[in-house]
Amino acid sequence: MTLVSREALQFLQNSSWMTALSSFEKSRVEHEVFEKNFIRGSQIFRKGESCNFWLGVAKGHLKSSNVFEDGNKINFMYIQEGNWTGEGSLINQEPRKYQLEANSDCLLVYLPLETFNWLKDTNIHFNHFLIM
């Protein structure tokens, strides 16, 4: 069993997709997630890394960007507290297409790829969340 903070567990329980899961599914998710804290400016993922987790932002916010060979940087999006990110790379089984950085101090919740795929393959409500 993975132990997570009250804050991370509350974030998980308040995620809209979580409310559609059965008791068994919720229990499995709660036991398989883990959390990490990051300070502002920390790099969470690098472009090209393998994608093994779906990432929830329990506290803080992130930015996704790419840095070009000439040093220029482009920001694609900001991921605010309460949201999840990375499902595209998980579903397509491809490396990350951008780098992800903490734009503030953050508490992140990690859902392993195996659990993500299990939910995707067995729960229609989870699938609806992913395509909305």
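The face of helix 4 turned away from its buried side carries Glu114 and Asp121, both exposed. The model behind these exercises is predicted.

**Exercise 1. Find which residues of helix 4 are buried, and work out how they are arranged around the axis.**

Step 1. Locate the helix. Helix 4 covers residues 113-122.

Step 2. Pick out the buried positions. They are Thr115, Phe116, Trp118 and Leu119.

Step 3. Ask what they pack against. The partners of the buried residues are helix 2 (23-32), strand 3, helix 3 (87-92), strand 8 and helix 5 (124-131).

Step 4. Turn to the other face. Glu114 and Asp121 sit there, exposed. For Glu114 the relative accessibility is 59%. The cut-off for exposed is over 50%, so Glu114 qualifies.

**Exercise 2. Decide whether strand 3 is largely enclosed or open, and name the strands it pairs with.**

Step 1. Find one partner. Strand 8 (residues 106-112) pairs with strand 3 over 6 bridges, in the antiparallel sense. Leu55 faces Tyr110 of strand 8 across this pairing.

Step 2. Find another. Strand 6 (residues 84-85) is joined to strand 3 by 2 bridges, and the two run antiparallel. Here Gly56 stands opposite Trp84.

Step 3. Strands of a sheet pair through backbone hydrogen bonds, either parallel or antiparallel.

**Exercise 3. Work out the strand order of the open sheet of 4 strands, and say which strands stand at its edges.**

Step 1. Write the order. It reads 2-7-4-5, with antiparallel pairing.

Step 2. Read off the ends. Strand 2 (43-45) and strand 5 (73-79) are the edge strands. Each has a single partner strand, so one side of each lacks a neighbour in the sheet.

Step 3. Inspect one pairing. Strand 4 (residues 62-67) and strand 7 (residues 99-102) are joined by 4 bridges and run antiparallel. Ser64 faces Leu100 of strand 7.

**Exercise 4. How many salt bridges does the whole structure hold, and which parts of the chain do they link?**

Step 1. Take the total. The search finds 6.

Step 2. Start at helix 4. Glu114 and Arg28 form a salt bridge through their side chains, at 3.7 Å from N to O. This pair links distant parts of the chain: Glu114 belongs to helix 4 and Arg28 to helix 2, 86 residues apart.

Step 3. Arg28, Glu32 and Glu114 make up a network of salt bridges.

Step 4. Go to the sheet. The side chains of Lys73 and Glu101 meet at 3.5 Å, N to O. Lys73 lies in strand 5 and Glu101 in strand 7, 28 residues apart.

Step 5. Compare exposure within that pair. Lys73 is partly exposed at 41% relative accessible area, whereas Glu101 is buried at 16%. The cut-off for buried is under 20%.

Step 6. Glu94 and Lys97 form a salt bridge at 3.4 Å, N to O. Glu94 is partly exposed, with a relative accessible area of 22%.

Notes
Residues numbered from 1 in each chain as written. Predicted model: local features only at pLDDT ≥ 70, side-chain atom pairs only at ≥ 80, totals over all residues. Heavy atoms only, no water. Buried < 20%, exposed > 50% of the residue type's maximum accessible area, 1.4 Å probe, protein only. Pairing = 2+ DSSP bridges. Arc of directions from axis to C-beta. Contact = heavy atoms within 4.5 Å. Salt bridge = Lys/Arg side-chain N within 4 Å of Asp/Glu carboxyl O.
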